Each structure stands twice: as C-alpha cells, then as structure tokens.
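The following note sets out several points on the structure for a reader who is new to such models. Please read each point with the sequence and the structure in view.

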Amino acid sequence: MEPIPLLTPYKMGQFELSHRVVLAPMTRQRAYGGVPQPHAALYYSQRATPGGLLISEATRVAPPRHDEEPESFRDMPGIWAPDQVAAWRPVVDAVHAEGAVFFCQLWHAAAGDGDAVRHRQLVSPQMSFDGRREELTSPRKVAAKDAPAVVQAFRRAARNAIDAGFDGVELQGTNGYFVVDDAGDPESRCRFALEVVEAVAREIGGHRLGLRLDQFAAGPDEHALALHVVSRLNDLGVLYCHMIEPKVEGRRRVSRRLLPYREAFGGTFIASGGYGREEGDAAVGEGYADLVAYGRLFLANPDLPRRFELGAPLNDCVSATFYGAGAGAVHPAVGYTDYPFLD
C-alpha cells in the first residue's frame, strides 16, 4: 500500500516527528483565573502521540490592564507569573510522557475601555475565535511608547515557557495585528512584529520558535506585508511558519493561496484551516505544506492520527462546548475531555 502522506515521519529542526498531523492552538477558556488546571493535562495528553506535535491554546504573556475585561477573554491561561509556570509543568509533563512535542502559543491583548476598545488594534495580536470573531471587541491600540514593554513581555513569557518544560513557543500573529501602522514601507509597518520575533529568538533560540500568521486583511498591501514578515523569518532562524488558509466565499477552504509564503520561507511550513484527511494528504504529498494543523477535528477526535490511519469515522464536534467561560459555562470536562476514542 502507498504510505499515507500525513502519517509519514518528518524532521522539524531538532524534533523527530512520527507524523504530520498537528494539534492546532484552540482557545478553550477553562484556565480559571488565568491558571492552567489539572484537566488541561488530560486534555492535551489525550491528543498526544509519540512523535506528534501539539500547540497549546493562546497563552497570555502579561496580565490584563483592568479588572474588567471582555467575556471572550476570560479564563484564558497566562504564563507571566510563577504560579502559572508551576501549573503548566504537570500539563507539559503529561504530554511528554506520551512522547509528543509541545509548543506554547504566546499571545498579548492590551485591554482598554471606551471607544478605544472598538477601534481596530494594530500592534498586539488578538486571538482568532472560530465562529465568534464578530463577538470580540478589539483591545486598545498599543502606543508606540508601550511597544518596548510588550516586546519584553513576549521575551519573558518565552523564557517562562521553556522553564515550564515546553519544547518551544509559537507567537500568535494572525488577523493582521502584528502591523505597526497604517502607512509607511513594509519594514516600518512590520517593525513591531519583527522586534518581537527577534527578542524571543535571542532569548530561547530560533530553533525553538514558530510564528502563526494569516494573510492579514487579504488586501494587496496586506499580502505584501505578510510576505515581507515571512521572508524576514529566514534571517532570524525561525523554526516554522504556521499560516491559515484564507476564507473563500465565507468559508475556510484549501485554495493553495499560501504557496507564495511557502516558497518564501525556508523552514518548516504548517498549513491550517479547512483541512480534512484528503486535503491534508494532498498538501503534504504535493509539497504545499510540511505539516497540517487540525483544530475542530482534533478537538472532537483525540485519536485523530489513528482515525486517519484506519479511515475510521470521525466524531462531530459540539460548538456549544467550545468555550468554558461566561454565561452558561459547562463543566470543564464536557466537550473537553469526554470525546470518545475508537477503542
């Protein structure tokens, strides 16, 4: 039988992966008070396989600026404080016990209030919530004078992640929020993004660093900006570039529009958004991507690589239990660690 492309081994820098099915970062809002809980160890270890790659949910690099914050941001884990680092360690240990590689996705949201919250924020990256994008309020724009402190927050959080045992970190830079200004040449507009990447690379090494991007707002200028950032990653020795497929007719589809970014980046290229098994096999088999990240399919099928191997039926995900915070919050296990395995 011909090998299944998604299930072939791959060497990502120093990491020997046994397959190419990656757990995508997904916000679950079950880290009460910003501290990872014991149920996270079960959730992630359920989806860990020997030689598999997992990327954590978006993890804050700094505390919110105010006591009050949008419900959409509640109970998301952080990694700026010692108690958070300590709480992450057993989660990471549980994943490593299964033989998997675990990266922590780092995210910064500068909270604001009043009219400023409703303006498109151009410096700090914001989480992309599947199906809930329109419900989010954007954090305030980070002033130029605050940018160095944000850069340092990313640097310290990256060090904390390594101290917690993570194998590396991924910087969350989707939705165009890594852009500094609305005007100027690509280098100046992307200055903040590249300063963050460079600071983190200096702190923990580019061999332990990935960056997640999309095509920003998908206009011609934004395409050029995304391509500029991706091309600069080579100079900084970044391990991988993780990009999300654009929406086509309102839905994520595998459109092959990421090819220019794939060709511009010399390291490992991860594609995500709209993939099933057949699409993932084609992407890897054709060299369009080295790895494919799965979100909702992996959420609902903790043994997703095994199901792909056997061509087994897939569980459906329940969107009502995606997020654990806010009104109507569910028991943390529901829709989190209770999806059935094949066996």
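1. The protein chain has 343 residues, and 57% of them count as buried. The model is a predicted one. Its chain contains ten helices and 13 strands.

2. Taking the contacts in the protein chain between residues at least 6 apart in sequence, 71% join residues at least 24 apart.

3. The largest nonpolar core comprises 79 residues. Among the residues with the most contacts inside this core are Tyr 44, Leu 106 and Phe 166. Helix α3, which spans residues 147-163, supplies the largest share of this core, namely nine residues. Apart from this core lies another, of 15 residues, including Met 12, Phe 15, Ala 24 and Ile 270.

4. Leu 106 may be examined in more detail. When its neighbours within four places in sequence are left aside, Leu 106 is in contact with residues including Thr 59, Val 61, Ile 79 and Phe 154. Further contacts of Leu 106 include Ala 157, Ala 158 and Leu 171.

5. How do helices α1 and α2 pack? Helix α1 (residues 38-46) and helix α2 (residues 82-97) pack at an angle of about 25 degrees, and their axes are 8 Å apart. Because angles under 35 degrees count as roughly parallel, α1 is roughly parallel to α2. The crossing of these two helices, α1 and α2, is right-handed. On the α1 side, Ala 40, Ala 41, Tyr 44 and Ser 45 take part, and they meet Trp 88, Pro 90, Val 91, Ala 94 and Val 95 in α2.

6. Thr 268 belongs to strand β12, which covers residues 268-272. Its relative accessible area is 3%, so Thr 268 is buried, the cut-off for buried being under 20%. Thr 268 and Lys 11 are 257 residues apart along the chain, and their C-alpha atoms are separated by 9.0 Å. Not counting residues up to four places away in sequence, Thr 268 touches Tyr 10, Met 12, Leu 239, Tyr 240, Cys 241, Asp 290 and Leu 291.

7. How many disulfides does a search of the whole structure find? The search finds zero.

Technical notes
Residues are numbered from 1 along each chain as its sequence is written. This is a predicted model: local features need pLDDT of at least 70, side-chain atom pairs count only at pLDDT 80 or more; totals for chains, interfaces and linings use all residues. Side-chain values use heavy atoms; hydrogens and water are left out. A disulfide is a pair of cysteine sulfur atoms within 2.5 Å. A nonpolar core is a set of buried Ala, Val, Leu, Ile, Met, Phe, Trp, Tyr and Cys residues joined through side-chain atoms within 4.5 Å. Buried means under 20% relative accessible area, exposed over 50%, partly exposed in between (1.4 Å probe, protein chains only). Helices (H or I, at least four residues) and strands (E, at least two) are DSSP runs, numbered from the N terminus. Contact means heavy atoms within 4.5 Å. Axes are lines fitted to C-alpha atoms, for helices over the stretch in contact, and angles run from 0 to 180 degrees between N-to-C directions. Angles under 35 degrees count as roughly parallel, over 145 as roughly antiparallel, 65 to 115 as roughly perpendicular and the rest as oblique. A crossing is left-handed if the near helix is turned anticlockwise from the far one by less than a right angle, and right-handed if clockwise.
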